[in-house]
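This report covers a two-part reading of the entry shown below: local features first, then packing.

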Amino acid sequence: MRTLLDALTRRRRALLFLSWGATLLVLIRLGGYRAFLRPEFGVLLKAAYLILLLLFVAELSRRREAPLHGLQLLSPAILLLPLLFLLNAQGVKLDSYAFEKRSVGTPRVAAQEASPDRQVAHSPGSDARSSPSSTPGPDSAGQFTPAAAPGGAAPDASSDREAANAPRPDTRNSPPSASGPSAAGRRAPAAEPPKGSHGVAVTLLDLYRSPKQYEGKMVSLVGMTNQNAKTRKEFGPTSWMVFRFVVACCAADAQPLAVVADARRGQMEFPNDTWVMVQGIFEMRRYPRGDMVPFIDDAVMSLTSEPQPPFLY
Amino acid sequence: MDISEGAAASAAVSAVMTSRPDRWRSHVVEVLFLALALGMLVLGHRTPAVRTFSLLFSSIVLEALPFMLLGAFIGGLVETFVSRERMVALLPRRQWLAVLAAASLGMVFPVCECAIVPVVRRLARKGLPLPAVVAYLLGAPIANPIVAASTAVAYRFDWLVVGSRLLVGYLVAVSISLVAGRLFRGRAVFVAALEDRDAPASNCGCSVGPDREHACGHAEHEADVDHEARGVSGLVARLGESLRHAADDFVGVGQYFVIGAFVAALAQTLIDRNLFLRVTSQPAAAIVLMMLLAVAINLCSEADAFVASSFRGLMPMSAQMAFMLLGPILDLKLLLMYQTLFRRRVIALLASMMAAVVLVAALALHASGRFG
């Protein structure tokens, strides 16, 4: 036993490379790395795996290291530590905890991309939010932009300006369930979602990249639920944040994207961090500070399975 | 700067004199770190904070691992295949020209901040002058095409932002390098293991960090003989040697990286970004705050533009720019990794210069009126 331990400690660096190499192999073969990194990083992990193999072979060809004693155990232990956390991270997803820490202010989309005609009073449940505004908020064009839209294309500036000047968004392409362009005209909630109209399947990233394209339309999207005292106060007791994280490289740079699902029919009760499909009419509401907040009006939420991978890219 | 024989000798002496207390201090830090990490895992592995932390820490390590390995691999190749004479011959003779060239090397040889430290260690060992070392170290993680592309995407192809980031980042690197060249002329700046390149044991280049034992066996010295060997067997022997150097570098820099990534993941998990919104009315305060945030949570210069852009509309553009200028050259994990390259006193001075120059640059951008 002692001889085996001695032999192992004399090859501690080879074992270090082997452990990391084996971990990467499992993550690559089973696709588990996608819980941490965007899919394209698979190639880089394969390169890392190859280098680790080479290092392992090179270490074997080196003279054996001195036997370990005492504090020399620390250095390999530190280098192996991430493997323990990797195990603890199995099945973990970014949820409301990360959402609340990482959200910067209210969810908002580019003001220059949205029609600026809907002023919302800053009190939940107020009728003001459903009536067209006669006093548009401060012109913040160019100031309020998607919280993050990695991979997004450049917006068409000219069409954005046209949209900003238009009195109402164009709703010609809206499905029949969108009963009219006026938000006030849509206030009577139906008991059931409109039959045969589940809306355009979109992601939160689609809505943030081109809100104008979807404004006034019936959409359906998948996200996680979040409701807390702050959201209840700000948007009303029947409103939910429906969020998903968008990742540039790895989960650590994940930025939350969210819409407010205005589920006034009240039949939905979900615990936080439930994956739901939300159907409803997408609209932009201007809040007093000038933020254009993305809403799913008249929302119907239903349970759904977790998308794989859970992130947007 | 050319490091004199005397400086190298005094560095070796001081390394011998200070190695024992330094090693003990380092061991205390390592023990505390491991105790904290294992304690967190054992006591709180089911709590939302530790679960989120595990995900973020693993992500940071997995994202950086390929780059660190590639950096160590390239560093090993440099060590074995590029002779000191050849490298010096490639460099412009005038110092300022060498600095300008080194700071722009990232445009043709893009390296992110995780990969650059092992590469620069090897270049420094080869005798690359200090100003050029600093210029490449600080310039490459910002002034490179991958960073330009990611910044363009994050800022929706606002070329003013992209151009300013690359240009100002380049100028920051150049100015700090030139000052460092004057400030540290003739003084020991690199850690003993790097400066001690004339000592017999260093012929194989197996420096593994300031506080690490020399792990190289005699096999490397025998392999040195093979440097002269020609043909396939000589090439294989030299490749093997580069790999052993790469292994040394990976292990030497790796543990600093793990500790740095751990602290960054803690900050990523615990910091509530809404708290940063309360000072936006004061541009200078916003800039300083975003600089602090960059040091605390920055991950990779190729992804940080997306984090910075999440503050659009909430922080002045100049503050977002300060985040994108400082993060790639000064963050927690880099501060730790720099310890495998520079002495602590030098790191403190360089870090202060980085913070000061970025602050001035961001304030100047704000004053220009286009980054409000």
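Which backbone oxygen lies 3.0 Å from a polar atom of the side chain of A:Tyr33? The oxygen belongs to A:Pro39. Such a polar contact is a pair of N or O atoms within 3.5 Å; within protein, one atom must be able to donate a hydrogen and the other to accept it, and residues adjacent in sequence count only if both atoms are side-chain atoms.

The model is predicted, so local features need pLDDT of at least 70 and side-chain atom pairs count only at pLDDT 80 or more, while totals for chains, interfaces and linings use all residues. Residues are numbered from 1 along each chain as its sequence is written, chains are lettered from A and ligands numbered from 1 in the order in which they are written, and side-chain values use heavy atoms, with hydrogens and water left out.

A:Tyr33 sits in the loop between α2 (12–30) and α3 (41–60) of chain A. Helices (H or I, at least four residues) and strands (E, at least two) are DSSP runs, numbered from the N terminus. With a relative accessible area of 6%, A:Tyr33 is buried. Buried means under 20% relative accessible area, exposed over 50%, and partly exposed in between, with a 1.4 Å probe and protein chains only. Neighbours within four places in sequence aside, the residues in contact with A:Tyr33 (heavy atoms within 4.5 Å) include A:Leu27, A:Ile28, A:Arg38 and A:Phe41. The C-alpha atoms of A:Tyr33 and A:Cys250 are 9.8 Å apart in space, although the two residues are 217 apart in sequence.

**Chain A as a whole**

Chain A contains nine helices and six strands. Of its 313 residues, 55% are buried. Among contacts in chain A with a separation of 6 or more, 73% come from residues 24 or more positions apart. The chain exposes about 13300 Å², of which carbon and sulfur atoms supply 59%; accessible areas come from the Shrake-Rupley method with a 1.4 Å probe, and for residues only the protein chains shown count as cover.

**Backbone geometry in chain A**

A cis peptide bond, with omega about -10°, joins A:Gln308 and A:Pro309. A:Pro309 belongs to the segment after β6 (292–303) of chain A. A:Asp273, with phi near 70°, is in the loop between β4 and β5 of chain A and is partly exposed at 23% relative accessible area. A:Asp298, with phi near 55°, lies in strand β6 of chain A and counts as buried at 15% relative accessibility.

**Salt bridges**

Over all chains, the structure holds nine salt bridges. The term stands for a side-chain nitrogen of Lys or Arg within 4 Å of a carboxyl oxygen of Asp or Glu. Examples follow.

| A:Asp262 | A:Arg285 | 3.5 Å |

A:Asp262 lies in strand β4 (residues 255–262) of chain A and A:Arg285 in strand β5 (residues 275–286) of chain A, so the pair ties together parts that are 23 residues apart in sequence. Both of these residues are buried. A:Glu283 and A:Arg285 are both buried too. Through shared partners, salt bridges join A:Asp262, A:Glu283, A:Arg285 and A:Asp297 into one network. In chain B, B:Asp331 and B:Lys333 are buried.

A nonpolar core is a set of buried Ala, Val, Leu, Ile, Met, Phe, Trp, Tyr and Cys residues joined through side-chain atoms within 4.5 Å. The largest has 171 residues, and B:Phe257, B:Phe342 and B:Leu350 touch the most other members. Helix α12 (residues 231–270) of chain B gives the most to this core, with 15 residues. Residues up to four places away in sequence not counted, B:Leu350 touches B:Val134, B:Ile176, B:Ala180, B:Phe184 and B:Phe342. Another core lies apart from the largest one and has 25 residues, among them A:Val202, A:Leu207, A:Val242 and A:Ala261.

Helix α15 (residues 317–326) of chain B is largely enclosed by the rest of the structure, because ten of its ten residues are buried. These buried residues pack against α8 (145–154), α9 (159–183), α13 (283–297), α14 (304–309) and α17 (344–367) of chain B.
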